[in-house]
Amino acid sequence: MNAPEAARRLADVASKTWIDTGRRAVRFGELDERIRSIAALLAARGIAIGDRVVIASHDDAETALNFVALVASGTTVVNLDPETAAPRAQALIARSAASLMIVDAALADSWALEASDRLIRIEPAPVDTTLLGGLVRRAPASGLHAELASAGTVAPPVAIPPETIAYILFTSGTTRQPKGVCISHRALFAHLATLSRIYGCNEDSVILNTLMLSHADGIIQGPMLAWFNRALLHRPFRFEIGTIDRLLDAVYRLRITHMVAVPTMLALIMRLAGGRSDAFQGGDFRLMISCGAALWAALQLAARPE
């Protein structure tokens, strides 16, 4: 499967939820609409397959929608961490040589991005208010949602050269300057196919992944893997020590089949679960997926269900 094929398969599951963030549930039909409206917006701006588009947002749903829609359009997504400090963000944006930037309005301000035709701000979502007993929808006057509404929709590309770069993620740069890691469409979809086969993912899978979407294991083994399989992804809250009880409850309550975590998270869960690690031994749960760092043998044995 490739991006055009994955996009064409959405119509059959339009009413099914793709991502649930706890605050917002996004159906596959909404993803299909975003893919088509992003394709129209890019066409209107003359942005072609292989051109680079920077995205950055604190809103997980917006990040996932824009990332997948841009991959489906054949543009190269440069996915920046919204927690990046302004000087580094400005440097990475300059290095990306992007044709377009889609960035939270607040981030655009804090990063001091110059207003231009290349910058589309993600303004706060429309708000429903009650006025004199009637429901009034206040739509943003400008920004991404207004541009998408005016752009209309067109079909995304029916073919994308497999060597086209699908996305670029910058390394953390803890010891030296960040490097942009480029992943082609061929590599991305071969990886998704491998993950799906090894993990046993399909349309019935329910994935729990709270890792940051600006990291590969967050965006690829989360929204992208769910899109590829037409599966359900849950991101109910950010993982912290104080949310471990809620996480264990979510595994049982949401009937999670696959959970994606890094070894540090697993170690904290095993140490602080307080006997509640049996949440992973229910009939629905199938796999705990460790990524991002080496999984040491003792932790692997401790986390393995009896």
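## Close-up views of a predicted model

View 1. Asp284 counts as partly exposed, with a relative accessibility of 31%. Here buried stands for under 20% relative accessible area and exposed for over 50%, with partly exposed in between (1.4 Å probe, protein chains only). Arg255, at 52% relative accessibility, is exposed. The side chains of Arg255 and Asp284 form a salt bridge, 3.0 Å from N to O. This pair connects distant parts of the chain, 29 residues apart: Arg255 belongs to the loop between helix H9 (244-253) and strand E13 (258-261), and Asp284 to the loop between helix H10 (263-272) and strand E14 (287-290). Helices (H or I, at least four residues) and strands (E, at least two) are DSSP runs, numbered from the N terminus.

A word on the model before the next views: it is predicted, with local features requiring pLDDT of at least 70 and side-chain atom pairs counting only at pLDDT 80 or more, while totals for chains, interfaces and linings use all residues. Residues are numbered from 1 along each chain as its sequence is written, and side-chain values use heavy atoms, with hydrogens and water left out.

**View 2. Arg230 and Asp12, a salt bridge across the sequence.** A salt bridge is a side-chain nitrogen of Lys or Arg within 4 Å of a carboxyl oxygen of Asp or Glu, and the count by this rule comes to 13. In one of them, the closest N and O atoms of Arg230 and Asp12 are 3.9 Å apart. Arg230 sits in the loop between helix H8 (216-229) and strand E12 (232-234), and Asp12 in the loop between helix H1 (3-8) and strand E1 (17-20), so the pair ties together parts 218 residues apart in sequence. Are these two partners buried or exposed? Arg230 is buried, with a relative accessible area of 11%, whereas Asp12 is exposed, with 67%.

**View 3. Arg121 with Glu123.** A salt bridge joins the side chains of Arg121 and Glu123, 3.5 Å from N to O. Arg121 counts as partly exposed, with a relative accessibility of 26%.

View 4. Six strands line up in the order E2-E1-E12-E11-E13-E14, forming an open sheet of 6 strands with mixed pairing. Strand E2 (25-27) and E14 stand at the edges, each with a single partner strand, so one side of each lacks a neighbour in the sheet. On average, neighbouring strands of this sheet are turned by 20° against each other, direction ignored. Two strands count as paired if DSSP finds at least two bridges between them. E13 and E14 pair in the parallel sense over 4 bridges, and Val260 has Ile289, in E14, as its bridge partner. H10 packs on the sheet and touches E13 and E14, its direction making about 110° with that of E13. Helix H3 (residues 60-73) lies across E1 and E2, running at about 135° to E1. Contact means heavy atoms within 4.5 Å; axes are lines fitted to C-alpha atoms, for helices over the stretch in contact, with angles from 0 to 180 degrees between N-to-C directions.

**View 5. Aromatic pairs.** The whole structure holds 4 aromatic pairs. For Phe67 and Tyr167, the ring centres are 5.7 Å apart and the planes are at 55°, so the pair is tilted. Phe67 lies in helix H3 and Tyr167 in strand E9 (residues 165-170), so parts 100 residues apart in sequence are tied together. Phe67 and Tyr167 are both buried. Phe189 and Phe228 form a tilted pair too, 6.2 Å centre to centre with 40° between the planes. Phe189 lies in helix H7 (residues 185-199) and Phe228 in helix H8, so this pair ties together parts 39 residues apart in sequence. Ring pairs link Phe189, Trp227 and Phe228 into a cluster. Rings of Phe, Tyr and Trp (its six-membered ring) pair if their centres lie within 6.5 Å, with planes under 30 degrees apart counted as stacked, over 60 as edge-to-face and the rest as tilted.

**View 6. Helix H2 crossing helix H6.** The axes of helix H2 (residues 28-44) and helix H6 (residues 144-151) come within 8 Å and cross at roughly 85°. That makes H2 roughly perpendicular to H6, a label for angles of 65 to 115 degrees (under 35 is roughly parallel, over 145 roughly antiparallel, the rest oblique).
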